Amino acid sequence: MTGMDTVPSLKNTLENLSTEQLENWVRGRLRGHDPIARDYQSEPSYLLIARMYTHLSRNAREDLRLAVLRMVDEVGQSNDEWDEPAIISLLQVTDPILRGSAEHHEALGSLVGVTLRHRKQTVRFAAAQALVALGYMDTPRFWIDLHAREGKTFAPVIIEALARTSFQSLPVWMISVIPDDTVESAFFGLLPFLIELRGAEAVAHIIGQIDFKLSPNGRARVREFSDSEKLITPTYEYFRALPATFDAMAQILAAGDDLRTTRQPLAFGRALRRLRRFLRRETDLRSIPSLLALEVWSRYTETIAAMLLSPLLRNVGLAELRSALREVGAEDVIELFSPDASLPLDDAAKTSVVMELALDPRKREATRNLLSQAEELARDPDFESLQPAV
Amino acid sequence: MAPSANIYIRQSIPSDHGRPPREEEQRLRFGEVLRQRPVTEQVLVKAKLALLERDAVGEQAVRNIHDESLVEETLWTILIDELLACTSDRDIISDTIRQVMRLDQLSGPKATYRPATLFGRATTPEELARTFKTNGHFGSEAAASANIRHYRSRGLATVRTAWRDYKLGTYVMWATFDAAGGRPFEKLPRAADALRAILGLPKIDRGRPLLLLEYVLPPFIAARIPRVVEAYSGDNWVHYFHPTREEDLDRGHGRTYVWDEVAEAGGTGVPEVVHAPVRADALAADVDEIS
């Protein structure tokens, strides 16, 4: 027996099966029983099905796709006939068989159900992987909630999902969960994919946004990657010499400058000086994030601002924010924070994320401490001499 | 009928506590243990195993179970008990074997090899991507493949750093090495399919390039002689496997089961071992790629 003899022969056999027989073959194969492709018993189920799919006629491919869709539907309805290894094998074939097909969206509802409700975490993870591979489009909230429920082991899926569906939400979420070795390792591993997906400039920008929150190890790995790929990150170069706490505050503002940070260093310098004035003027710690938020808001586009303000907003109560906005006559901005605001879906979704973060009471204390330290730094005579390294 | 979702193995390998070291455990062939049972049980077990012999892999698995000499009597006893208890369904029988084998995975005799031996694993980029994905490091094969494309041609130091969190296999890694102390692939063909044939890798990957990974086992991971336990504990049974023969047992390693065409031409395999998955920071040479 040789593989070369068998593939054409198996292709011929499969193409001569009825729709029902072909489905039965896939079912049997996924459950470790395959009386048809006996010479390939030892090959992983999903691998043989995926490989044969590319060889089959158009009609047979369509039958196979529909069979996989029916099985995904069964699994989504918690059919007890499917045990864990068979479900995982099935989920693994959804990527090569359904991706790019006109019917793939029909599987998404069932996959969401499995991702959210299956009793085994390994199955939920594999279903989430299948959703990512099939390009499932949902709000960032779906993925962020998934991470909150499942924990950091889901980080590779969450990062990839956000990168594929709502790239601008990725840094917002990253900032909210790092420093964390697992999340940072997942992000680091995905960097080559992110560059292929979004381009080096966009990835450099994200690195610049999250750099200040990375752990020392994570920062070293990411910077080494940036150096080797000659990525010019927009912010951290300016701040290497600054104290860490001020670094954190100022980078939020700097990140809000989008790519102008690198292209317009003088504008960036002005933003930095404005930040410094804020820090010197304000003594009420609670008002600092709100005012700083307004400053960023007034300078930058709404979407970017909404995302980049999240590190501040998550520590500020809605009432405080509303009060601060009214003080400076910017009530109209409040509407953007309203869940029923008539923003385009993507922007509304992002704003919703920001809102959730803003109302998280667990993180307020930590940031107030940070702001307290920042205020002390602002009073330091040496602070006056700090200038961006332009 | 589909295999049961909840095959419950009622027994377990007794703890080592208070027992002689496992290396000294009495090892009997499956047939010898079975013959100690009443004739009716012998007939029933043989009849159930015969259901597996409808295809090449199942037939070979039954033959290999009978030929295996490195499994403890305890495990065979459990296997016989579970086979007697399970229904006469081919899928359930194979799943029963799988579950019993998992009780004793990677606890066979330690292989004999020199300190700092370089072990070798040949895999396709796609399979490595699936491994990284299956091990939970990526959301999709596309993302894992992008990572592998990016790093596979980089130097050792870069790859070790970039992949340091990634295991190079799942559950059980099968590896080769040069018993004379050389590099594992040094004396083997540089053509991917010729190497596949000698290592007994899946034929379905013919024509695809191979990545050659060379690594040193960390001190807490031992290479062991492959047994039916490792061959039949996975979701898909290893086709190119035969229990280690006496001459190789004396040398302290297993041997790859070459493709038929290599065997027909008089070719033999190369030393083979199994071990727990290692992380990529164990890599000891640049990742090589052959086509």
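How many helices and strands does chain B have? In this predicted model, chain B has 12 helices and 6 strands.

**View 1. Here is chain B as a whole.** Along its principal axes, the C-alpha trace of chain B spans about 60 × 45 × 40 Å. A compact globule of 291 residues would have a radius of gyration near 19 Å, and the 20 Å of chain B agrees with that. Buried residues account for 46% of the 291 residues in chain B. Now pick out the contacts in chain B between residues at least 6 apart in sequence: 77% of them join residues at least 24 apart.

**View 2. This is where chain B meets chain A.** On one side we have 34 residues of chain B, in contact with 39 residues of chain A. Four elements of chain B each give two or more residues to the side touching chain A: α3 (56–67), α5 (90–102), α7 (141–151) and α12 (260–264). The top giver is α7(B), with 6 residues. Sort that side of chain B by class and you get 13 nonpolar, 9 polar and 12 charged residues.

**View 3. Two helices of chain A pack together.**

View 4. From α11(A) come E184(A), F188(A) and L191(A), while α13(A) brings G218(A), R221(A), V222(A) and F225(A) to the contact. By class, the residues of this contact are 4 nonpolar, 1 polar and 2 charged.

Conventions. Residues are numbered from 1 along each chain as its sequence is written. Chains are lettered from A and ligands numbered from 1 in the order in which they are written. This is a predicted model: local features need pLDDT of at least 70, side-chain atom pairs count only at pLDDT 80 or more; totals for chains, interfaces and linings use all residues. Two residues are in contact if their C-beta atoms, placed from the backbone, lie within 7 Å. Ala, Val, Leu, Ile, Met, Phe, Trp, Tyr, Cys and Pro count as nonpolar, Asp, Glu, Lys and Arg as charged, and the others, Gly among them, as polar. The radius of gyration is taken over C-alpha atoms; the globule rule is 2.2 Å times the number of residues to the power 0.38. A residue is buried if 20 or more other C-beta atoms lie within 10 Å of its own, exposed if 12 or fewer, and partly exposed in between; C-beta atoms are placed from the backbone.
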